Amino acid sequence: MCRRVVPTSSGNTSNLFHHLKQFHPIEYSESQNMRHHKGLSQPVSEISPRPTSPSPAVSKEKPMQQTRIAAFMPHDKKFKRYKDVTKAVTNFLAKDTMPFSTVENVGFRKIMSVIDPRYELPGRKYFSRPAIPTLYGEVRERVQEQLKSGSYFATTADLWSSRTLEPYLSLTVHFIDQDWKLVSLCLQTVYFPEDHTGEAIAAGLTDALASWGLSEERQVCITTDSGTNIIKAAELNRWTRLQCFGHRLNSAIEKVHQDKRVDRAVGVCKKVVAAFSYSWKKKLDLAAAQEEYHLPQHKLISETPTRWGSRQQMVRRVLEQKRAITEVLSKDKKTRSLVPTWQDVDVLESIDAALSPLLEFTDALSGESYVSVSFLKPVMHLFNTSILKEAEDDTDLTRTIKTTVMGYLNEKYDDPATDDLLDMACLVDPRFKLQYTQEEKREYIKEKAVLEMLKGERALVVREEESREEAMGDASAAVTPAKKTKRSLASFFSNRSTSTNTEGLSVQQAVERELSNYLLSPDADNDSNPLDWWKVSHKNFPRVSQLAKHYLCIQATSSPSERVFSTGGNIVTCKRASLKPDNVDQLVFLARNF
């Protein structure tokens, strides 16, 4: 507790209990309760003085009192219990993005004292300096080991500004490990004060990969938004780039809002939502009107400018609650002008009919824990043939919206390099294969796949030769030669299934046959995970499986980088505006990877 030395002349504990009673009343009360439960109801001061030659009963009482005293002594900092609790608090601060000042809050210290009264919680400086950097080093080593398990990787990158207007460059990496799991990691959130030119971003991304020991040759693709500077950076580095589907869809819908009818109706929606957002009385009236008209007890949704989906949700909610909204706004003379007209309602219904089905696709393609890139071709096909196809009962405005959105997306995804990339991703997805590839392009995609597998085969041979040379060097250094073991009869029949089918064939012929057998195999179920299928079937198609690891790790959107922004926003808050960039990088890294 206070670690003050309490003097004693006769060896009893009276002075110690008087000290507890005066300076530590809570601990004193607990000690009295313990003594009461042990049958020692008399206070220490009333106990008879200790005899010169202690009796056996007194000699037994002394270790019991020492045990009770030890129960209130703080843990030694070298003990395992102290280290475990301190590490748990460090993990809590890092994972839950809590401020370092949390450990000095009265409520948190009270919780810790109840959990373990003997634990002395260190101050904020301990956690900000040695604890968090040490944890960062441990997690970084673990991440570096994880990166070694991926043959190929894809990345996403973006720039953002913190609450203090400090610019950061975030980089995430995605790969398929040996267990056929899609791994997503945040590598860094580095302070980027240079001008955001394409050259500066290209150098920053190259340095980021080099700092993690990642070879650019292993990078398959980088997914980014439509910023001209980051597009130029990918071109300067000669990296394959995939445009973010979410940003492209958002740009397509922004073109729709250039229509004056749409712009006016959405503006009315914003004013209606604002009228209810800043008036608690109107919120109560809205709840009463909802109950009167038997409408769902839903709140109105405000728009987030950077997310088109929030605007669409706002429109849908206003249409859902239009009777209650009209009832409340009509009662107040100041807000009667905000009541949507029938023309506004018609426009909003046309917008909702055209764009509402797109919400679910945006959310589904933004995930990073499952394969998403191979869905782009099927989604575009579904848009063209069903969702955004003009229907007979569509209004003129709905048809215009569908045509505008679909025309923009087809134009942007008509790029030959992007189309080839998406065709290859579909090819190695056992659910789709060549189903969504144009008939005249199928032979070309097969030839491209064969060439890439041959290239991978040659790279594998080179790596095996290098490994063999290293093994021979180690063997030559050994003094005692290895004892020759006699092969068993069963060893002659191991792995015969793969070699029999390609016996007598050249490497190219073997690759072509393997690809043909893969394409002839039954398709996986549309609801299944393609990585689970490959985990079972990779031994049957070893070369095609490597091609699957090459393409299926690509992200369809740059949402992983945007999630890093959100994490950074939860860390650099108003109360933590003085965090140094290095600390921000470490805290974001731990929150995303720990």
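## The largest pocket

The largest pocket in this predicted model holds about 1,300 Å³ of space. A pocket here is an open set of points on a 1 Å grid over the protein atoms alone, with protein on both sides within 12 Å along at least five of seven lines. Grid points are joined across faces, edges and corners, and volume means the space filled by probe spheres set on the points.

Its lining has 41 residues, and Tyr152, Glu217, Glu452, Gly456 and His550 lie nearest the centre; a lining residue has an atom within 4 Å of a point. Two or more residues come from each of β4 (219-224), α18 (416-427), α19 (442-477) and α23 (542-551), and α19 gives the largest share, with nine. Helices (H or I, at least four residues) and strands (E, at least two) are DSSP runs numbered from the N terminus.

By residue type, the lining of this pocket splits into 14 nonpolar, 13 polar and 14 charged. Ala, Val, Leu, Ile, Met, Phe, Trp, Tyr, Cys and Pro count as nonpolar, Asp, Glu, Lys and Arg as charged, and the others, including Gly, as polar.

## The cavities

There are two cavities of 30 Å³ or more, a cavity being a set of points where a 1.4 Å probe fits but cannot get out. The second largest cavity has about 30 Å³ of space.

Leu93, Ala94, Thr97, Met98, Ile571, Arg576 and Leu587 form its lining: five nonpolar, one polar and one charged.

## Reading the numbers

Residues are numbered from 1 along each chain as its sequence is written, and side-chain values use heavy atoms, leaving out hydrogens and water. Local features need pLDDT of at least 70 and side-chain atom pairs count only at pLDDT 80 or more, while totals for chains, interfaces and linings use all residues.
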